[in-house]
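Here is the note you asked for on this model, arranged as numbered points. Please read it with the coordinates open.

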Amino acid sequence: MINDKGCAIRGARKLFFKGVGRLLSLSFIIFHLSFSLAIGQTQKGIASYYGKRATGRLTSSGERLHHDSLTCAHRTHPFGTWLKVVNPRNGQQVVVKVNDRGPFGRGRIIDLSWSAARQLGILRRGIADVEVTIYDPLSEGPPPPADSIPPVQY
């Protein structure tokens, strides 16, 4: 029933948009989880790294990038997720924290900080094939300190 002020229509609209909002939220969560790795799954691809000149740049998470920090950019993992990155060519590995989005295009799956790239031994080539897994602190112990250096002030 609709009265002369249209109250029933407004109520129906509220219910409709509330349901659509829940549906969109659920769709986003399912979409995001389908592109994220579960613990134990490995993503293989090409890694690149940020040069030292990127130090001080603001990342997508709001943190400042520093070349000595063990951080990375990943397209889908939530900020703060710890990832173990392995260079199968030389067996070197590093644990990094996601604090930026990217890389976009170029066929790469992860952008590493300069320090993480140095530990993996990919500075000379600039890119390398890597294997990325979520770092599980329950089975592998606590991750290393996020940033062992003081934050850079600008």
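The points below go from the basis of the model to the fold, the core and the charged pairs.

1. Basis. This is a predicted model, in which local features need pLDDT of at least 70 and side-chain atom pairs count only at pLDDT 80 or more, whereas totals for chains, interfaces and linings use all residues. Residues are numbered from 1 along each chain as its sequence is written, and side-chain values use heavy atoms, with hydrogens and water left out.

2. Secondary structure. The chain comes to 3 helices and 6 strands, where helices (H or I, at least four residues) and strands (E, at least two) are DSSP runs numbered from the N terminus. Along the sequence these elements follow the pattern α-β-β-β-β-β-α-β-α.

3. Barrel. The 6 strands of a closed barrel run in the order β1-β5-β2-β4-β3-β6, with mixed pairing; two strands are said to pair if DSSP finds at least two bridges between them. From one strand to the next the twist averages 45°, with axes taken as lines fitted to C-alpha atoms (for helices over the stretch in contact) and angles running from 0 to 180 degrees between N-to-C directions.

4. Individual pairings. Strands of a sheet pair through backbone hydrogen bonds, either parallel or antiparallel. In this model β1 and β6 run antiparallel and are joined by 6 bridges, and A47 has A128 in β6 as its bridge partner. The β3 and β6 strands also pair in the antiparallel sense, over 4 bridges, with V86 bridged to E131 in β6. Strand β5 (residues 108-112) pairs with β2 in the antiparallel sense over 2 bridges, and D111 in β5 is the bridge partner of A73.

5. Burial and surface. Of the 154 residues in the chain, 36% are buried, a label that means under 20% relative accessible area, with exposed set at over 50% and partly exposed in between (1.4 Å probe, protein chains only). Strand β6 is mostly covered, as 5 of its 7 residues are buried. The chain exposes about 9,800 Å², of which carbon and sulfur atoms supply 59%; these areas come from the Shrake-Rupley method with a 1.4 Å probe, and for residues only the protein chains shown count as cover.

6. Nonpolar core. Which residues have the most contacts inside the largest nonpolar core? They are L83, V85, V96, I110 and L112, in a core of 19 residues, such a core being a set of buried Ala, Val, Leu, Ile, Met, Phe, Trp, Tyr and Cys residues joined through side-chain atoms within 4.5 Å. At least two residues of this core come from each of β3, β4, β5, α2 (114-120) and β6 (128-134), and β6 gives the most, with 4 residues.

7. Contacts. Not counting residues up to four places away in sequence, I110 touches a set of residues that includes I46, C72, L83, V85, P103, V130 and V132, a contact being heavy atoms within 4.5 Å. Over the chain, residues 24 or more positions apart account for 71% of the contacts with a separation of 6 or more.

8. The structure holds 4 salt bridges, each defined as a side-chain nitrogen of Lys or Arg within 4 Å of a carboxyl oxygen of Asp or Glu. One of them joins R57 to D100, with the closest N and O atoms 2.7 Å apart; this pair links distant parts of the chain, with R57 in the loop between β1 (42-49) and β2 (71-73) and D100 in strand β4 (residues 93-100), 43 residues apart. R57 is partly exposed, at a relative accessible area of 35%, whereas D100 is buried at 3% relative accessibility. Another joins E63 to K97, where the closest N and O atoms are 3.6 Å apart; E63 lies in the loop between β1 and β2 and K97 in strand β4, so this pair ties together parts that are 34 residues apart in sequence. E63 is partly exposed, with a relative accessible area of 28%, and K97 counts as buried at 15%.

9. E140 forms a salt bridge with K84, the closest N and O atoms being 3.4 Å apart. Because E140 lies in helix α3 (residues 137-140) and K84 in strand β3 (residues 82-86), the pair ties together parts that are 56 residues apart in sequence. E140 counts as partly exposed, at 36% relative accessibility.
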